[in-house]
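Dear colleague,

Here is the structure I said I would pass on. My notes follow it.

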Amino acid sequence: MNKLIALVHREIGLAGEIGPDTPLLTSGLIDSFHLTVLLTALESQYRVRIDPGEVGADNFDTARQMLA
């Protein structure tokens, strides 16, 4: 989990602390541009393919949801 949160901080440049359940999309911490950057970084780091059509606030709003 810490590795994922560090990746979010690094790629998005968030100033404050975030936890596993901090809402990122619904709180406005991450906008659509940053989400694209984050998806690319996650695909590269974890060697996965993420279909953008499957990304939403119901399954990608927190680090815990991303990790799942």
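Two residues are taken to be in contact when heavy atoms of theirs lie within 4.5 Å. The model is a predicted one.

By that criterion, and leaving aside neighbours within four places in sequence, T62 is in contact with P20, D21, T22 and P23. T62 itself sits in the loop between α3 (57–60) and α4 (63–67). Is T62 buried or exposed? The cut-off for buried is under 20% relative accessible area; T62 counts as buried because its relative accessibility is 9%.

Next, helix α2. This helix covers residues 32–46, 15 residues in total, and spans 21 Å from its first C-alpha to its last, close to the 21 Å expected at 1.5 Å a residue. At its start, the backbone nitrogen of F33 has a side-chain oxygen of D31 within 3.2 Å. After α2 comes R47, with a positive phi near 50°.

Which residues of α2 are buried? They are L35, L38, L39, A41 and L42. An α-helix has 3.6 residues a turn, so residues three or four places apart point the same way. The buried residues of α2 pack against α1 (2–12), α3 and α4.

Finally, the core. The largest nonpolar core comprises 19 residues, and V8, L24, I30, L38, L42, F60 and M66 have the most contacts inside it. At least two residues of this core come from each of α1, α2 and α4. As for L24, residues up to four places away in sequence not counted, the residues touched are V8, L14, I18, L29, I30, D61, A63 and M66.

Regards

How values were computed: Residues numbered from 1 in each chain as written. Predicted model: local features only at pLDDT ≥ 70, side-chain atom pairs only at ≥ 80, totals over all residues. Heavy atoms only, no water. Helix = DSSP H or I, 4+ residues; strand = E, 2+ residues; numbered from the N terminus. Buried < 20%, exposed > 50% of the residue type's maximum accessible area, 1.4 Å probe, protein only. Expected span 1.5 Å × (residues − 1). Polar contact = N/O pair within 3.5 Å; in protein donor to acceptor, adjacent residues only side chain to side chain. Core = buried A, V, L, I, M, F, W, Y, C linked by side-chain atoms within 4.5 Å.
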